[in-house]
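Work through the exercises below with the model open. Try each task before you read its solution.

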Amino acid sequence: MLRRTALASALLALVTAPLVAVTGAAQAEEDTYYPAKGDPNVDVGRYNLDLDWDPDARLLTGTADVRLSVFAAAPAVKLDLHKRMEVSSVAVNGVPAPFTHDGKDLTVTTAVAPGATYLVTVKYAGKPRTVKAPTSRGDDDGLGWHTNTKGQVWTMQKPFGAYTWFPVNDHLSDKAFFDVRLTVPEKWTGVSTGRLVDKTTSGKRTRTHFTNASPMPPHLLTVAIGPYKKYTQAGPHDLPLTYWLPKNRADLLKPLEKTPETISFLESRLGTYPFDSAGVVVTPGLGSVETQTLMTLSADNYKQGGEDVRQQVAHNLAHAWYGASVTPNDWRDNWMNESVATFLEAKFSTAHHWRTWKYWKREFARNDDYYREIYGPPGAYLPKQFGQRNVTYGGALLMEKLRAKVGTDLFYAALAEWPAQNAGRNRGRQTYVDWLSQRTGQDLRAWFTAWLDSPTTPAS
């Protein structure tokens, strides 16, 4: 039977309550890297998304109930929604409200005040498409809603892109609960982040309903639509594991069946897995991403073999602790997620004798100067070079240097204590570095500044 902590029970109560206020977040600030996305005055508590997909017309029809509050009084509320999504009506607490939709800015004219909760209901429809990602990576095929030639769908929105398919406060510090209902052709299944609570078929249409017991930022939500078959497995301490694979592709399951072992490996270093479920959805797209409780994995990842798939799973699962449970305040601090995930992916590879640790240390270090030169240092990367190796490999190199500096035992103790003490919160660089300095008994502030901000690799 799945364990239920007091925190998990409290979160579940929030999810099932008919009215949900905000998640108690501190006021956000405008993101320094992608300030056009999100409104720091808005705090969304819950999204209820009811989506209908017509693959022949490439048409998405949706109703979004967005329950939110604000930090300061304002004459209007702004949400992000791509201009391809045409809004037919908006209501606030059940009363029709005037609105404008200029570019991606959906502005609802209604006076709002702190301390109150508002239910904003948006009805809309359109033909969604991806938006350009802020990167030159070769495996990037855009952000947000993807549709292939068969009308199958998958979404990837890190660092932004949720606004391509639903009205959202597209800011990584605004964690909210999500309920997602998907109506799709009968032959297909709509899949989303969280636990499947209902699946029905009527009139050649199949409807699925997914709910989430923990809040998440918008970029960690995923949706996939296609000919999916569900597989299940029990993980450590009976953790429910779900794998959504294309029908007639049971061969893709083999490396995923090792996921319980991967979770145990990570738990031995990071503490108990912080959510109520885990899983994988395999899509026709490119690349993988750590969408919360249901990572998005590409069938393309399998071209490199089962070992590479298992490494991708280890990397993305590590983000459950660093990135999902504890999330940065600002995309400038993406290194806080990627450094640990890449470091532990390499440790996982070494533990299975796929690569030696000597190999990984050499890989992390050998091009660090070059990556810093063309993409920027890990803690001050170029905003148009998101997700490059200056952050992933450079961050892992930082972790290895930190381990050598403070000692292995203290390093791993701190690695597990940080997500345990900050579960469900957003944290920034200064808070993290100050905490590490106190925890290790060493003033690490100047050391971190050098490793994160220097245009060349520090000497030690």
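Two strands pair if DSSP finds at least two bridges between them. Strands (E, at least two residues) and helices (H or I, at least four) are DSSP runs, numbered from the N terminus. The model is predicted: local features need pLDDT of at least 70, side-chain atom pairs count only at pLDDT 80 or more, and totals for chains, interfaces and linings use all residues. Residues are numbered from 1 along each chain as its sequence is written, and side-chain values use heavy atoms, with hydrogens and water left out.

**Exercise 1. The mixed sheet**

Task: Find the residue in S19 that stands opposite Val-280.

Solution: 
- Step 1. Met-295 in S19 stands opposite Val-280.
- Step 2. Strand S18 (residues 278-283) runs parallel to S19, and four bridges pair them.
- Step 3. The open sheet has four strands in the order S16-S17-S18-S19, and its pairing is mixed.
- Step 4. S16 (228-234) and S19 (295-298) are the edge strands; each has a single partner strand, so one side of each is left without a neighbour in the sheet.
- Step 5. From one strand to the next, the twist averages 20 degrees. Axes are lines fitted to C-alpha atoms, for helices over the stretch in contact, and angles between N-to-C directions run from 0 to 180 degrees.
- Step 6. Helix H3 (residues 259-270) packs on the sheet and touches S16, S17 (240-246) and S18. Its direction makes about 135 degrees with that of S17. Contact means heavy atoms within 4.5 Å.
- Step 7. Helix H4 (residues 306-318) also packs on the sheet, touching S18 and S19, and its direction makes about 155 degrees with that of S19.

**Exercise 2. The antiparallel sheet**

Solution: 
- Step 1. Inside the order, S10 and S15 (residues 223-226) are joined by two bridges. Val-153 stands opposite Ile-225 in S15.

**Exercise 3. Aromatic pairs**

Task: How are the rings of Tyr-47 and Phe-166 arranged? Compare Tyr-370 and Tyr-371.

Solution: 
- Step 1. Rings of Phe, Tyr and Trp (its six-membered ring) pair if their centres lie within 6.5 Å; planes under 30 degrees apart count as stacked, over 60 as edge-to-face and the rest as tilted.
- Step 2. The whole structure holds 33 aromatic pairs.
- Step 3. The centres of Tyr-47 and Phe-166 are 5.6 Å apart with planes at 80 degrees, so this pair is edge-to-face.
- Step 4. Tyr-47 is in strand S1 (residues 42-54) and Phe-166 in the loop between S10 (153-156) and S11 (177-185), so the pair ties together parts 119 residues apart in sequence.
- Step 5. Buried means under 20% relative accessible area, exposed over 50%, partly exposed in between (1.4 Å probe, protein chains only). Tyr-47 is buried at 0%, and Phe-166 is buried at 0%.
- Step 6. Tyr-370 and Tyr-371 have ring centres 5.9 Å apart and planes at 50 degrees, so they are tilted. Tyr-370 is partly exposed at 47%; Tyr-371 is buried at 11%.

**Exercise 4. Thr-457**

Task: Which residues does Thr-457 contact, leaving aside its neighbours within four places in sequence?

Solution: 
- Step 1. Thr-457 is in the segment after helix H11 (445-453). Its relative accessible area of 25% makes Thr-457 partly exposed.
- Step 2. The contacts are Asp-368, Asp-369, Arg-372 and Trp-451.
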